[in-house]
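These are my notebook entries from a sitting with one structure. Please keep the viewer open beside them and follow along.

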2 protein chains.
Amino acid sequence: MSQLLRVQNFVVSEDGFGAGEGQTLERPFGNADPAAMMSWAGATASWPNRVDPGGTRGLDDYFTRDFRNNIGAEIMGRNKFGPIRGDWIDHDWKGWWGEDPPFRTPVFVLTHFPRPSFTLSDTTFHFVNGEPSQVLQQAKDAADGKDVRLGGGVMTVRQFLEADLVDTLHVVVAPVTIDKGERLWDGPEDLTDRYHLDSVPSPSGVTHLLFWRR
Amino acid sequence: MSQLLRVQNFVVSEDGFGAGEGQTLERPFGNADPAAMMSWAGATASWPNRVDPGGTRGLDDYFTRDFRNNIGAEIMGRNKFGPIRGDWIDHDWKGWWGEDPPFRTPVFVLTHFPRPSFTLSDTTFHFVNGEPSQVLQQAKDAADGKDVRLGGGVMTVRQFLEADLVDTLHVVVAPVTIDKGERLWDGPEDLTDRYHLDSVPSPSGVTHLLFWRR
């Protein structure tokens, strides 16, 4: 079985934005409301950040439950890793996820600025500079035969789509508009020349878009 | 995290039958057409019995992909295990699945007739007699902290539902009628007093019904 590059649980607004403008430490989604984007996931039993028991086990839960299923590594852009831009001022910032990040695999952070690798619990972050195809090869080598998750943000997903390296995409359309910020697409039809598409409305109000290669 | 008892990828006809009459070696679903019941699953990339590469990676694939996800044991009725009824004539019959069964965990087969355990590849079949709650405890003990799949057939699912031991059910309604045989229910509303329900039509023509406890 070949290793896939998979986008999973990637949330955009109805007008195609993955994050708003003005990302800061306090506002990882910029001017976009994080609750409006993520409440569908936070309600599920398998949401990786859940601390209390309970949660729904319907359609949305199949998607949060699949987050680590056969995934051996993640690639993310540095704008997903944190709000710092340019050179690393110090190495105190270790991501949004606290002492036990939900990835539990090697994570490759794309950046032009070198930084040593570090480990938090079961997750090791590596900082890499290279063409998408090179970084993907590094991640596949580290994934122990499993698939690689492409974690975002928007510019990273676009970059790998342009290089035609993405095998499957699960994009969640949340019932909000953002108007400005980082835009994934004009609409899902941007991709249907290259991908099959299942469009699945959820009782929670979001729509799950599932793309796989033609 | 507590261990769940999960029904998964359990297919019934529009009129609620899981299998027709007259199960034989050649016809595991009796008079029901196996293709009409299972083609939605066979088309997916993650179908456990797939031998060639390819297959769809849309909505239906999330369900076949979840087949082994966090499952540590299966419980099945002897009518799922095979067409033999009554005492075991010999021990030549080893299930429908050939030398490499898709389960890859301990499997507990409910039967009043004793038979020694045996192993095929990564799957060990045990033959057990007992109340549903006792068998469930045996399966949980064997599942290494993971969930237990309740594999069917119809009478086994009904028996565990009556004992109120089932935590989640994924029932697939195929666009066929069978008219007679083993019936799971009059309709999904039989369960909605005890379970939440997401009803999700698939582009393939089946409807996925997802139940979880209230």
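Entry 1: I began with E10(A) and E11(A), which run antiparallel and are joined by 7 bridges. I take strands (E, at least two residues) and helices (H or I, at least four) as DSSP runs numbered from the N terminus, and I call two strands paired if DSSP finds at least two bridges between them. A:Val200 has A:His208 of E11(A) opposite it. The two strands make a hairpin with 5 residues between them, and A:Gly205 in the turn shows a positive phi of about 110°.

A note on what I am looking at: this is a predicted model, in which local features need pLDDT of at least 70 and side-chain atom pairs count only at pLDDT 80 or more, while totals for chains, interfaces and linings use all residues. Residues are numbered from 1 along each chain as its sequence is written, and chains are lettered from A and ligands numbered from 1 in the order in which they are written.

**Entry 2: A:Val206.** I stayed in the loop between E10 and E11 of chain A, where A:Val206 lies. Is A:Val206 buried or exposed? I count A:Val206 as buried because it has 22 C-beta neighbours inside 10 Å. My cut-offs are 20 or more other C-beta atoms within 10 Å for buried, 12 or fewer for exposed, and partly exposed in between, with C-beta atoms placed from the backbone.

Next I listed what A:Val206 touches: A:Trp40, A:Val172, A:Val173, A:Ala174 and A:Pro175, leaving out residues up to four places away in sequence. Contact here means that the C-beta atoms of two residues, placed from the backbone, lie within 7 Å. A:Val173 is 33 residues from A:Val206 along the chain, yet their C-alpha atoms are separated by 5.6 Å.

**Entry 3: the sheet and the whole of chain A.**

A:Leu110 has A:Val128 as its bridge partner in E6(A).

In total I find 5 helices and 11 strands in chain A. Its C-alpha atoms fill a box of roughly 45 × 40 × 35 Å along the principal axes. Buried residues make up 43% of the 214 in chain A. Of the contacts between residues at least 6 apart in sequence, 65% join residues at least 24 apart.

**Entry 4: strand E11 in chain B.** I then turned to the other chain. Strand E11 (residues 207-213) of chain B is mostly covered, with 5 of its 7 residues buried. Strand E8 (residues 168-174) of chain B runs antiparallel to E11(B), with 6 bridges joining them, and B:Val173 stands opposite B:Thr207. Strand E10 (residues 195-201) of chain B also pairs with E11(B) in the antiparallel sense, over 7 bridges. There B:Val200 has B:His208 opposite it.

**Entry 5: B:Gln23.** I found B:Gln23 in the loop between strand E2 (17-19) and helix H1 (34-42) of chain B. B:Gln23 counts as buried because 21 other C-beta atoms lie within 10 Å. B:Gln23 touches B:Pro28, B:Gly30, B:Asn79 and B:Pro83, again leaving out residues up to four places away in sequence. B:Pro34 is 11 residues from B:Gln23 along the chain, and their C-alpha atoms are separated by 11 Å.

**Entry 6: where the chains meet.** How many residues does each chain bring to the contact? Chain A gives 15 residues and chain B gives 15 residues. On the chain A side, helix H2 (59-65), strand E10 (195-201) and strand E11 (207-213) each supply at least two residues.
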